[in-house]
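The following exercises concern the sequence and the model shown below.

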Amino acid sequence: MPRRHKSKSHARRKRHEVQGDTQEAQASAAAAPKEECPSSHSSAPQGSPASSPAAGDGQELQGAMAPSSPDAGPSCAGSDEGAQGPEEASAGASQAAPSTQSTRKDPLARKARILVEFLLEKYTKQEPITQNALMKIVSRKYRQHFPEVLSTARERMELVFGLEMKEVDRRGNIYTLIRKLNLGGNDCQRDEGALPKSRLLMVLLGVIFMNGNLATEEEIWEFLSMLGIYAGRRHCIFGEPRRLITKDLVQKEYLNYRQVPNSDLPRYEFLWGPRACAEISKMKVLEVLAKFHGRVPSSFPDLYDEALRDQAERAGRRRAARAPTMAEASAPSRAKSYSSSHI
């Protein structure tokens, strides 16, 4: 073969090799971001107990949550960089931002979360809230859904933070946030400063309930992220949320926080604490959870059936506890009747 043909053949071969390497590099680059955003289910600990029959309703509720990443909008929570202790640093899995895949599927849920953070920021600064500012956050693209997004944000502000949005200037469409009374039937926290914490507790108990009465730490933080609450970031109402849910509420026996058994790496999970089991019914928690999603409790049949069974068991325990007292109360009257008949 002439030398000229050899050199051309060699050049073509080199071009093919370079193109092949380039295509491979591009494919690797395209795949890389997927590894940085693992879903919470792929990181679920091994050895976790099987979920209860309510898992079907739990999956439906989880699908409606649509968590979003911490940097998607304004936040009332200032960063606590350098403030984490050894315990906070050790929980790497819970610190990670949740998957944004479900957020892309439901942009309205993301807009509602951003509105919640904006309203909290205004409340902290004691600044008035204008409808124009709210509409700018929702953006022109979703303008037709503004009433729905605002309604969702207001509902969550009331349920979780105990704050109600009231119109103070109808002509100028100006609003303010005021404190609401405590949730009926939940007297676990009585002072005004603890009111929002009691509301957050009800929501956390609901997350545990819908996950088969046991929720991994990843599932808890994934849910809290949709409220602008993140591990290691100080919150304007709850303070340091990790301390609140892993220490304060655990010490008061409303939550049980334990290490996942038989897990390769230290992983943790949440259950109802003994005080929550004694003081708070599953039906009350389901009512809060259903209201959070704009539904009624019976629309989640498995969870509803379990809550009804819990109600029946509680009623039975109350009757059993009253029986000895009623017997003791009736004993003196019987003795008096007997003595009078023998006079």
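A salt bridge is a side-chain nitrogen of Lys or Arg within 4 Å of a carboxyl oxygen of Asp or Glu. The model is predicted: local features need pLDDT of at least 70 and side-chain atom pairs count only at pLDDT 80 or more, while totals for chains, interfaces and linings use all residues. Residues are numbered from 1 along each chain as its sequence is written, and side-chain values use heavy atoms, with hydrogens and water left out.

**Exercise 1. Describe the salt bridge between lysine 282 and glutamate 306 and state where its two residues lie.**

Step 1. In this salt bridge, the closest N and O atoms of lysine 282 and glutamate 306 are 2.9 Å apart.

Step 2. Lysine 282 belongs to helix H13 and glutamate 306 to helix H14 (residues 301-341), so the pair links distant parts of the chain, 24 residues apart. Helices (H or I, at least four residues) and strands (E, at least two) are DSSP runs, numbered from the N terminus.

Step 3. Accessibility is classed as buried (under 20% relative accessible area), exposed (over 50%) or partly exposed (in between), with a 1.4 Å probe and protein chains only. Lysine 282 is buried at 16%, and glutamate 306 is buried at 10%.

**Exercise 2. Which parts of the chain are tied together by glutamate 155 and lysine 291?**

Step 1. The side chains of these two residues form a salt bridge, with an N to O distance of 3.9 Å.

Step 2. Glutamate 155 is in helix H8 (residues 146-161) and lysine 291 is in helix H13 (residues 282-292), so the pair ties together parts 136 residues apart in sequence.

Step 3. Glutamate 155 is partly exposed, at 23% relative accessible area; lysine 291 is also partly exposed, at 42%.

Step 4. For context, the structure holds 14 salt bridges.

**Exercise 3. What is the strand order of the open sheet of three strands, and which are its edge strands?**

Step 1. The order is S4-S6-S5, with antiparallel pairing.

Step 2. The edge strands are S4 (215-216) and S5 (255-259), each of which pairs on one side only.

Step 3. Five bridges connect S5 with strand S6 (residues 268-272) in the antiparallel sense, and leucine 255 stands opposite tryptophan 272 in S6.

Step 4. Helix H11 (residues 241-251) lies across S5 and S6, running at about 110° to S5. Axes are lines fitted to C-alpha atoms, for helices over the stretch in contact (heavy atoms within 4.5 Å), and angles run from 0 to 180 degrees between N-to-C directions.

**Exercise 4. Summarise the chain.**

Step 1. The chain contains 14 helices and six strands.

Step 2. Of its 343 residues, 41% are buried.

Step 3. Among contacts between residues at least 6 apart in sequence, 65% join residues at least 24 apart.

Definitions and conventions: Pairing = 2+ DSSP bridges.
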